[in-house]
Amino acid sequence: MFTLSDGGKLCMEWHESFPQPGDKRPILVCISGLGGQTHATYIKHVIKELGSEFKCVFVQWRAQSGAPVTTDKLYCMAAWRDFKEPID
């Protein structure tokens, strides 16, 4: 769970585990689509194809995948700043 600067919450799901020291694989950050779930077919395909070359993390938008509603701002695909905060 990641807390945004305005108090909103995002879920961040690592495919294997949080990167360990010495793991040289680059991190591939994926965002959920309209369905908002990591069990979608395209997500499973990404893991199958790239999971050994990258550390995969899936960012779930506000109020998706069990993230609590903590502000009056909800999920919106145009809310790119929400996606930028955990990356920075």
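Predicted model: local features only at pLDDT ≥ 70, side-chain atom pairs only at ≥ 80, totals over all residues.
**Notebook: fold, cysteines and a cavity**

I began with the overall fold and counted 2 helices and 4 strands in the protein. From the N terminus, I read the order as β-β-β-α-β-α.

Residues are numbered from 1 along each chain as its sequence is written, and side-chain values use heavy atoms, with hydrogens and water left out.

**Surface and contacts**

I looked up burial next, and 27% of the 88 residues count as buried. My cut-offs are under 20% relative accessible area for buried, over 50% for exposed, and partly exposed in between, with a 1.4 Å probe and protein chains only. The accessible surface comes to about 5600 Å², and carbon and sulfur atoms hold 59% of that. These areas come from the Shrake-Rupley method with a 1.4 Å probe; for residues, only the protein chains shown count as cover.

I then checked contacts, meaning heavy atoms within 4.5 Å. Taking pairs at least 6 apart in sequence, I found that 70% of the contacts join residues at least 24 apart.

I picked V57, which sits in strand β4 (residues 55-60). Is V57 buried or exposed? V57 is buried, at 2% relative accessible area. Setting aside residues up to four places away in sequence, I see V57 touching M12, E13, W14, I27, L28, V29 and C30. For V57 and W14, 43 residues apart in sequence, the C-alpha to C-alpha distance is 4.3 Å.

V29 belongs to strand β3 (residues 27-31) and is partly exposed at 29%. Beyond its neighbours within four places in sequence, V29 contacts V57, V59, F83 and I87.

**Cysteines**

How many disulfides does a search of the whole structure find? I got 0, taking a disulfide as a pair of cysteine sulfur atoms within 2.5 Å. For C30, the closest cysteine sulfur is in C56, and at 5.7 Å that is too far for a bond. C30 itself counts as buried, at 12% relative accessibility.

C11, in strand β2 (residues 9-14), is also buried, at 9%. I put its C-alpha 10.0 Å from that of V57, 46 residues away along the chain.

**Cavity**

I finished with a cavity search, which gave 1 cavity of 30 Å³ or more. A cavity here is a set of points on a 1 Å grid over the protein atoms alone where a 1.4 Å probe fits but cannot get out, and lining residues have an atom within 4 Å of a point. The largest cavity holds about 40 Å³, the volume being the space filled by probe spheres set on grid points joined across faces, edges and corners.

Which residues line the largest cavity? I noted G8, K9, R62, A63, P68, V69, T70, T71, K73 and L74. I sorted this lining into 4 nonpolar, 3 polar and 3 charged residues. In that sorting, Ala, Val, Leu, Ile, Met, Phe, Trp, Tyr, Cys and Pro are nonpolar, Asp, Glu, Lys and Arg are charged, and the others, Gly among them, are polar.

How values were computed
1 Å grid on protein atoms, 1.4 Å probe; cavity = no way out; pocket = protein on both sides within 12 Å on 5 of 7 lines; lining within 4 Å.
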